[in-house]
Amino acid sequence: MYVTDHILPALPAPSDSKGVLHWLKTNLFSSPINIVLTLLGLLLVYKILPPIIDWVFINATWTADNSAECKGEEKGACWAFISNRFGQVMYGFYPPEQFWRPNLAGILLILLTIPLFFEKTPKKVILGGFVLVVFPFIAFVLIHGGYFGLSTIETDKWGGLMLTLIISFVGILCALPLGIILALGRRSNMPIVKSICVIFIEFWRGVPLITVLFMSSVMLPLFFSGGTDFDKLARAMIGIILFQSAYVAEVVRGGLQAIPKGQYEAAVAMGLSYWKSMFLIILPQALKLVIPGLVNTFIALFKDTTLVLTIGLFDLLAIVENVLGSDSAWLGFHTEGLVFAAFVFWMFCFAMSRYSMSLERKLHTGHTH
Amino acid sequence: MKKRILLGLATVALLSTAAYAEKSDKKMSTLDSVKKAGILKCGVTTGLAGFSAADKKGNWTGLDVDTCRGIAAAVLGDATKVKFNPLTAKERFTALQSGEIDVLSRNTTWTLTRDASLGLNFAGVNYYDGQGFLVSKKLGVKSVNDLDGAQVCIQAGTTTELNLADYFKSHNMKFKAITFDTSDQTIKGFEAGRCDMLTSDQSQLYALRIKLAKPEDAIVLPEVISKEPLGPVVRQGDDQWFNIVKWSLNAMINAEELGVSKANAKAMKKSKDPAIGRLMGGQGEKLGLSDDWSYNIISQVGNYAEIFEANVGKDSPLKIDRGLNALWNKGGIMYAPPIR
Amino acid sequence: MNDSKNELTPSKPPFWNNPKYRALVFQVVLISIVAYFLFSVIQNTLGNMEARGISTGFAFLSETSGFDILQKLIPYSSESTYGDTFVVGLLNTLLISALGIVFATILGFIVGIARLSNNWLIAKIALVYIEIFRNIPLLIQMLFWYLVVLRAMPSARDSFSLFDSFFLNVRGLYLPAPVLGDGFLYTSIALIIALVAVFVLKRWAKHRQEKTGKAFPTVWVSLGLLILFPLFVFLMSGAPLSWEIPELKGFNFQGGITLIPELFALLLAISIYTATFIAEIVRSGIEAVNHGQTEAALSVGLNRSQTLRLVVIPQAMRVIIPPMTSQYLNLAKNSSLATAIGYPDIVSVFMGTTLNQTGQAVEIIAMTMAVYLVLSLTISLFMNWYNAKMSLVER
């Protein structure tokens, strides 16, 4: 009888199950249908990709002093259209000599948030709280001015990507606490509290943002007896925040439902009051679970900010559409404006969605199967 | 217990502030609130060359913009104290009704319905306009009457939309209206070939035409199918404010008639002509304004001729003739009641 | 003795510490604040409207509108009332929502399944499609389709044409319109009979398969029944159908059916955008079905498409439906962006033009919001019903 006393070395795989050919065969040409699909796919890529690359990169005009340099039979995209007024695309009508102020706020925000992405950062909670609570005031003082000798720059001068970022950042920041309270209210045992929260949430989720913006931008003073003399931007933001808080509430509610009942019961058994058990036991777990969902909500909000175009605020899209697009010296570069705006939005949203996915994967370890 | 007391207190506080706010505001007139805020909130277009458009730096220029500046000069003594609020056609009346803006100066046509049932008052006319048509040259059309069955680009919610339906109906012609939110979009639609013609106030047609990549390819047809008196609008129910806006505009027109301009305003202050004397001072109190209200308008903004020529007339890219908008004694119909 | 006994029996908490009372007081306070807030808002609004001489009430709905609308599903002209405007706008909103839901679902399912394809290229194309279109704001996509792609279309005089009866140009897609003759009624009846027959056949085939295990080619027979029988009747009754073919008259095509480009751009943007989300939902739904199910199905001898159709998708549906509902809701609400490209939906013609002509903002905004709330509620209810129906299939 033969018994091996050592493990046999693994033999190389048969030659037809490795290499490029094998990969091609299994992944592209495994069956007649797949062959057809692959060929169709290749045709599609061939038809679409080269013209786009030609237009965007190869034949594009990157710098030009006037629109005539961009025009011609063989010319592709005219990026000079954007680059010549890049300041406006970024900051709207903000005075150029003051650009350092939003820049500083932006850099500060990046420096403060980077450590939050690393696991080992000490005192993350304090830093996070600082970013969420204190930073907005610093940023407001910097960008709006009026204090410490900074000149006041009214909100009607704000615009471009800066405005898009401000609206979405402030929107999610204020919608978060409101949404948490609404979510808790919706899960409350008190019937009146519960029904008020349900009605509030379902109302905002049921109406389109465009009507909300219209209402908050031109009708709000009608509802109050005068004195509501705040700024157009602030009013648009109130609309966005109320709207967004309903979506946040639903995401948070999902997290609350995912916490096992034992946790609630344990917290009560410990003699913790409702608020203590929520803030010390339930919410920390629930919020951690819903971070990916919140990031997705934020992405949706970020994309929705484009709608402020309809109420005369000059966000990134409005600047390329209405301001750059109606400059009589640079007519006919509509496509470039839209493509550029699309690209900027895409970059932000794509990065955020990747982040949310990686979080999801990280949080899901140990839960599946 | 503490919580309950807190809640109770909060409710009481809320109730009392709300009640207080209600009381204090009912009395506050538009003039007082503008003076208190130190700034005039003026509704303008989202961008229409010659009337109200933001330049590359975000500064507003135009005939309607200068009308607002004149009001600010009269009320606050400083023509720069205006906050311009760009509004689409469909937002404009709601914004004025709600108190979002103090005055709407947004090439708005004076009609009975708007005066009577929208709760608005038109304070005068700063531009006499009429509805015209812009068509592509290659259609080879000479008159609107050749345009049966045409598709028309038009701005939603304007009087032009209604006039167009009337005109085509009375001439037994058919049309299809393609409506857009802003005048900018109408010209984009026209340029893309979405419609055969674009209709709007004639002054706008010239302003829109220069936005075409090839302005010479489009022509404005000779027909004018409607009366479009454009002017500043205020809310009903505040006669003092209505008078201020009305007379700020009249002061500019009277100044042109009396030969008072931005340049000679200071010298004219000493003029012996009693009419000029009244224009330059002494009448402010009746309106609730300072005595030099009209002097401020003329010295800071200019008379009607000056703002017309600078924004839409010969000193502007639009180069529109005075035409109807010339003074009554110079062949037009621009006529302001006397300051007396 | 007495003292220690006192310590042992739990003292009754003072009533303000009793959670029941607390909850009661809290709720009473909350509802009074909310009620007061609502009351004061309504009071203020009415007061302000009266002070400013704004007309109120719904009388405006019976006034003549004076403007025409580009796309109308019911007869409408400038002599119609604002009430008709409302209905026309509402129908246009419903139309785009319904079409959007159908197209987005079809596209979403195709892409979602393609994402899981074992063909590398197809899976990657699907992935790229999703990642591009999901991360660009819908408004930008809409403007892109409308202003950029539309511009590339030819003018009316050099339209693309197919058989000289279908025309595509910058003004829209023109299709021949069917004109029904006198005898067409018979064909309609034939179609109904065929439908009933198919229904009966299906039940019979299922019954037979359950009894004998023999499959019946239901699909082919049904198709034959549905097409051939009505066609036969149609020809027998003398083909009572003619086509009104669009014709270039003057500047534009007249006659036939016109699909306006605004509808096209909106539909394209809204379905392409929503389909990316649906694709991801479908993919995760399919992935949620245990792989053992697929293996089992394959080993029982079902082929790939049967496995997908009969085993995987029915199970995946239960995971898919709830998130799908919210996508449908989003789609319906997103259709309100139509106003940016001039599609005459309710926001455009009612909250836009009508509002501007009548100035009755409060009534009009309230009506518009109510429409969307009802629409959302209806979709929710329908999907809940469907969800319940799907979960009952479980054995």
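**Exercise 1.** What distance separates the centres of domain 1 of chain C and domain 2 of chain C, taken over C-alpha atoms?

*Solution.* The model is a predicted one. Begin with the domain assignment of chain C, which gives domain 1 as residues 10-50 and domain 2 as two segments, 82-176 and 245-392. Then take the centres of domain 1 of chain C and domain 2 of chain C over their C-alpha atoms, and the separation comes to 44 Å.

**Exercise 2.** Describe the overall make-up of chain B, from its secondary structure to its contacts.

*Solution.* The secondary structure of chain B consists of 14 helices and 14 strands. Along the principal axes, the C-alpha atoms of chain B fill a box of roughly 75 × 70 × 40 Å. Chain B has 340 residues, of which 54% are buried. Turning to contacts in chain B with a separation of 6 or more, 72% are between residues 24 or more positions apart.

**Exercise 3.** Explain why strand β8 of chain B is largely enclosed by the rest of the structure, and identify the strands to which bridges join β8(B).

*Solution.* Consider burial, for which a residue needs 20 or more other C-beta atoms within 10 Å of its own. Next, follow the bridges: 5 of them join β8(B) to strand β11 of chain B (residues 197-201), in an antiparallel arrangement, with B:Q131 standing opposite B:D201 of β11(B). Strand β12 of chain B (residues 218-220) also runs antiparallel to β8(B), joined to it by 3 bridges, and here B:L134 has B:V220 as its bridge partner.

Terms used
Residues are numbered from 1 along each chain as its sequence is written. Chains are lettered from A and ligands numbered from 1 in the order in which they are written. This is a predicted model: local features need pLDDT of at least 70, side-chain atom pairs count only at pLDDT 80 or more; totals for chains, interfaces and linings use all residues. Domain bounds come from an automatic or database domain assignment. Helices (H or I, at least four residues) and strands (E, at least two) are DSSP runs, numbered from the N terminus. A residue is buried if 20 or more other C-beta atoms lie within 10 Å of its own, exposed if 12 or fewer, and partly exposed in between; C-beta atoms are placed from the backbone. Two residues are in contact if their C-beta atoms, placed from the backbone, lie within 7 Å. Two strands pair if DSSP finds at least two bridges between them.
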